[in-house]
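Hi,

Here is the structure I promised to send over. Have a look at it first, then read my notes below.

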Amino acid sequence: MGPTDDGQTIARCLAGDREAFEMIVNKYQSGVLTLAWSVLGNRAEAEDAAQEAFIRAYVNLQNFDRAKDFKNWLYAIVHKRCLDRIRKLKTEKKYRSRMAEAAAPVMSGFKTEPGADESAVLSPLLKKLTVKERLAASLSMNEGYTAAEIAGILHCAESTARVHLFNAKRKLRKGLERNPHVQNL
Amino acid sequence: MCKIYKILYAAIPLKKWKSALIRRHFERCPRCAEEFNYKDHVVRAFFKPEWIQGASSVWPQVRAQIILRKNEPEALRPAISPPRLRLPIRALAAAISAFFILGTIGFFLLRPHGRKLSGPESSLSTKPAAAVPRVQVISVELGGKRAKAYIYQTPTASFIWIAPSQETGGLR
């Protein structure tokens, strides 16, 4: 399904054919999930963010300028949703730490279980990157985006996107050089 | 990576300058570009986890949410927040600082001249001498001969010396 197909599908959605949106979801799900996971570093959060992004895209489909690329528009929504989730997670984390402090005397005898899906957690290598660097690197590596396209999604200057991308690659290189397992690859 | 550019990149504070350096050197220099794209295939794997390929479609959840909202595509509120009116904080701070600096300089340059007297001088009136009526001697005679008069006038008092005319001195 190319950009023109996107246009036709969007037209069908706007005409009231709700089921047509499934084609868009199936087409972009992988990219959206990858991007969300790169930013959030957690499978469950990434899936939630992806769902929210698709819903938001559907609800605001009328605002989409059809002269532009739908994928970029959708990725910009994903980026925004991810930032919102990060903000929410920070607040929750603060709240949890306060609750944990309050419950510490009672809960001291219990052990917390490790996360069920550890494989779906972001690698320590990527954790060294900032959110914007991760997003820029993900778009560049997976989608082959240029600095200008990344800037369009991040809503920043092209020069800034270029710096994000460069810093990401520099950090990744440093991380890989220190990792003996990756040396031989 | 060329060492000098690496040091330069670390030293440059502005993103635009960094970007210029990336464009001018790191993206063009074959040595740097090679290192820049170091083990791209390995890095790509980090950004594409395996679980994504096997992930089930999110459409059922999305569909349920859409039906729950009972909204056909319409603009409830923009998906991307409209750009907020951001005050250029740095420019504002620079303008305020410049205003204060110029104001201070202007105050010292344009304030009325005349220093405040201190010590014994301060007891004297600061009234300009021109305001005090001036003494004028038209003619002086000393022992029937014309003499010379010397006037010393302060803001509060006037002193007049009279000397024989053969003495030198200014008539005032």
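Start with two helices of chain A: Phe21(A), Val25(A), Gln29(A), Val32(A), Leu33(A), Ala36(A), Trp37(A) and Leu40(A) in helix 2 meet Arg43(A), Glu45(A), Ala46(A), Glu47(A), Ala49(A), Ala50(A), Ala53(A), Phe54(A) and Tyr58(A) in helix 3. Contact here means C-beta atoms, placed from the backbone, within 7 Å, and helices are DSSP runs (H or I, at least four residues) numbered from the N terminus. By class, this contact has 13 nonpolar, one polar and three charged residues (Ala, Val, Leu, Ile, Met, Phe, Trp, Tyr, Cys and Pro are nonpolar, Asp, Glu, Lys and Arg charged, the others, Gly among them, polar).

By the way, this is a predicted model: local features need pLDDT of at least 70 and side-chain atom pairs pLDDT 80 or more, while totals for chains, interfaces and linings use all residues. Residues are numbered from 1 along each chain as its sequence is written, with chains lettered from A and ligands numbered from 1 in the order written.

Val59(A) sits in helix 3 of chain A, residues 43-59. Val59(A) counts as buried because it has 20 C-beta neighbours inside 10 Å (the cut-offs: 20 or more is buried, 12 or fewer exposed, in between partly exposed). Its C-alpha atom is 9.9 Å from that of Leu14(A), 45 residues away along the chain.

Now the two chains: their contact takes 49 residues from chain A and 36 from chain B. On the chain B side, helix 2 gives the most, with six residues. By class, that side has 22 nonpolar, five polar and nine charged residues.

Cheers
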